[in-house]
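Hi everyone, thanks for coming. Please have a look at the model on the screen, and I'll walk you through a few parts of it.

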Amino acid sequence: MSGRRHTTTPPGTPPTARLTARGIVRRYGGIEAVAGVDLVAAPGRVTALIGPNGAGKSTLFDCLAGTVRPDAGRVLLGGRDVTRLPVHERVRLGLARTFQQIAVFPTLSVADNVRVGAEQRSGAADGRTARALAVFGLGALAAEPAGGQPTGVLRLVELARALAGEPRVLLLDEPAAGLDTAQTARLLTVLRGLADDGMALLLVEHDPDLVAELADTVYAMADGRVVAAGPTAAVLADPRVVHAWGR
């Protein structure tokens, strides 16, 4: 996208950080769901994680976010080893995540759902909430109950909640799922702007067109391993990826 404006990062946002996975292994019984994965999500770049169902993408995300502890390997955030830190500690250090299955509080208003993310950091939660609502065009729905909103709006609410915490690293699990064409276009603009402002973004995505348009770097997984990694165009054209991803 040309002519990008750097307007998504508010004053006082913490410095950028790099997310690094080194030799991550996660076993379930005798099966290695993730088998020694190395990955880097760099500041100022959108990194995509692709692969067929069962490739190990979600398990790797869980290890990075802290909901699952790896059996081996390390997770580094801004150079700090966070492998054994719980989710809330990683959030305080600037890591945020969205989920494939939308997770909102249906009885709370749209604004209060977003405020939950803003309150992960001290001070000025109202301002962070308002900015996140504006970024995703949710201002007109701020007072409405979240439970009555369509899937596309709820996806944006979840994204706004993650952004309201002003993370340095943002993990996104199929962020465009359920969005219409206009919402997807807005999402792409926002995510690209966040990367341009120095945030590190790592997303799991099944839409090859979205990956081709948005991602700078791609890691392709199959059977728990990374089978290809590098610039987006090269990875998407790799025969191993075409075969494994079914493209």
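Let's begin with a term: a residue is buried if its relative accessible area is under 20%, exposed if over 50%, and partly exposed in between, using a 1.4 Å probe and protein chains only. What you see is a predicted model, where local features need pLDDT of at least 70, side-chain atom pairs count only at pLDDT 80 or more, and totals for chains, interfaces and linings use all residues. Residues are numbered from 1 along each chain as its sequence is written, and side-chain values use heavy atoms, leaving out hydrogens and water.

A salt bridge puts a side-chain nitrogen of Lys or Arg within 4 Å of a carboxyl oxygen of Asp or Glu. Arg-155 makes one with Glu-158 at 3.6 Å, and Arg-161 makes another with Glu-158 at 3.9 Å. Arg-155 and Glu-158 are 3 residues apart, about one helical turn. Glu-158 is buried, at 2% relative accessible area, and Arg-161 is buried too, at 15%.

Elsewhere, Glu-32 and Arg-27 meet in a salt bridge at 3.4 Å. Here Glu-32 is partly exposed at 31%, and Arg-27 is partly exposed at 41%. The structure holds 14 salt bridges.

Note on methods
Helices (H or I, at least four residues) and strands (E, at least two) are DSSP runs, numbered from the N terminus.
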